[in-house]
Amino acid sequence: MSTMNAKAISEGEEEASGMRNETLVESGHSEEIKRGQVILVAYLIAALDLTFLFMQFGIIPYLAKSLGLDSVGFGYLQTTFGVLQLVGGYIFGRFADQFGARAALILSGASGSVFFLLMSLSTSIPLLFLSRLPGVFMHGIPGAQKVIADMTTPSQRADALGKLGLCFGIGMIVGSALGGVLSTKFGIFVPTYVGLVGSLINTLIAVVWIPSQTKPKLNQHVTENSTSQSGSLFSIREILRLMKFPGVMEVFIVKVLAGLPIGLFMIMFSIISMDFFGLEAVESGYLMSYFGVLQMALMRTVWHYCIIAVPLVFAFSMLATITDSILTKAVPSSDTGAMLGICASVHPLTRTVGPTIGGVLYKQFGVSSFGYLQLVVNIGLFVYLLKSKISLREMKSQ
């Protein structure tokens, strides 16, 4: 009798164990689906954010010109925006680490809304400069990257971050073309109204669809015991601490140098479109829609732009994806937001120094100088990467 009872108990325990395993499998599958949905929402937010950003990139030179701002003043305007984003990039990343990716995306969307509101009211040069101020917290891409970094494993991260390149392409194509068409057909301020409404919608999407905590429970525990030595949102000591992790400084320098020539041309693109090629706003928008941020060597016509577009944009996207993936893996999970914020500061850094350097290159040496600069930088980096052995170790498990 006791043998039968023991057998029955054993069978009951096995059945209960099997049911628990099935429940765990179903729960894990459900969580995986939810993570996938949240990442898709992050892609949507990034695509919309980039669409509105490129929409204003396309019209701002023409708006500035209509207000009587000359090329030197336009350079100051670009520099102002670059400095604000340079300072705000790291602060935004630290904010995301401390308050979560959803709060960071809401901050970015709200800042974008104020940005476009002020821009729509810019009927004078001082108001146009004032409209740049909210740009300090307009970092939708780092916010989306933060969501992806939190919700993917290190082995999945490069692939997930790489798909943001598609969002970048969509934003560039749609935003550039839409900005040109709307400003030409309906007025220079209409794109700013669209950007205002769109930024409000983006903020609402973040509130509704992004969870308050995107880090897994294990990583939340790691965050609570963060290696950060400062609770402030901006700390030079914290930046230097992150740069001391193995391989981080070397990869970051490669990222900055490789992106510098492309960034310089991005700054000068609108001026070159108007001055060198004599394009109107809508034509400039169509051109940027095709190739985005380009470099050139031996270019003399718009068709030369188009020929070099494919390999250049491919290289630009690959560089951003690979370096961002490496750098976020090289620091603890509690510091991924700060690291992404530092990465996001690379382009604002270029926009800060770009107007001066780009203006000198264009006036003194012509359009092709941007291509020659990119060629020299690429050869130098190629030789350096061949000879160097950058050591990186996984920090997520610590």
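The structure is a predicted model, in which local features require pLDDT of at least 70 and side-chain atom pairs count only at pLDDT 80 or more, whereas totals for chains, interfaces and linings use all residues. Residues are numbered from 1 along each chain as its sequence is written, and side-chain values use heavy atoms, with hydrogens and water left out.

The secondary structure of the protein chain amounts to 16 helices and zero strands, where helices (H or I, at least four residues) and strands (E, at least two) are DSSP runs numbered from the N terminus. Of the 398 residues in the protein chain, 50% count as buried; buried denotes a relative accessible area under 20%, exposed one over 50%, and partly exposed a value in between (1.4 Å probe, protein chains only). Contacts are defined by heavy atoms within 4.5 Å. Among the contacts between residues at least 6 apart in sequence, 82% join residues at least 24 apart.

The UniProt record, an unreviewed entry, carries the annotation "transmembrane region" for residues 38-63, 75-93, 105-129, 160-181, 188-210, 252-282, 302-322 and 365-386. UniProt positions are given in the numbering used here, feature names are shortened, and annotations may be inferred rather than shown by experiment. In the model, the span of residues 38-63 is 100% helix and 0% strand, and its end C-alpha atoms lie 37 Å apart. Residues 105-129 are 84% helix and 0% strand, with 24 Å between the end C-alpha atoms.

Three salt bridges were counted under the criterion of a side-chain nitrogen of Lys or Arg within 4 Å of a carboxyl oxygen of Asp or Glu. In one of them, Lys146 pairs with Asp97, the closest N and O atoms being 2.9 Å apart. Lys146 belongs to helix α5 (residues 140-151) and Asp97 to helix α2 (residues 71-99), so this pair ties together parts that are 49 residues apart in sequence. Lys146 is buried, with a relative accessible area of 2%, and Asp97 is likewise classed as buried at 9% relative accessibility. Lys146 also forms a salt bridge with Asp150, with an N to O separation of 3.4 Å. Asp150 and Lys146 are four residues apart in helix α5, which places them about one helical turn from each other. Both of these residues, Asp150 and Lys146, are buried.

Helix α10 (residues 236-243) packs against helix α14 (residues 336-344) at an angle of about 95 degrees, with the axes 11 Å apart. Axes are lines fitted to C-alpha atoms, for helices over the stretch in contact, and angles run from 0 to 180 degrees between N-to-C directions. The angle makes α10 roughly perpendicular to α14, given that angles under 35 degrees count as roughly parallel, over 145 as roughly antiparallel, 65 to 115 as roughly perpendicular and the rest as oblique. On the α10 side, Ile239, Leu242 and Met243 meet Ala338, Met339 and Ile342 of α14. The contact comprises six nonpolar, no polar and no charged residues; Ala, Val, Leu, Ile, Met, Phe, Trp, Tyr, Cys and Pro count as nonpolar, Asp, Glu, Lys and Arg as charged, and the others, Gly among them, as polar.

Asn202 is located in helix α8 (residues 190-209) and is buried, with a relative accessible area of 6%. Residues up to four places away in sequence being excluded, Asn202 touches Ile45, Leu48 and Asp49. Ala258, in helix α11 (residues 248-275), is buried at 9% relative accessibility. Its neighbours within four places in sequence aside, Ala258 contacts Leu319, Gln374, Val377 and Leu381. The C-alpha atoms of Ala258 and Ala320 are separated by 9.8 Å, although the two residues lie 62 residues apart along the chain. Ile322 is situated in helix α13 (residues 302-329) and is partly exposed, at 43% relative accessibility. Between Ile322 and Ala158, 164 residues apart in sequence, the C-alpha to C-alpha distance is 6.7 Å.
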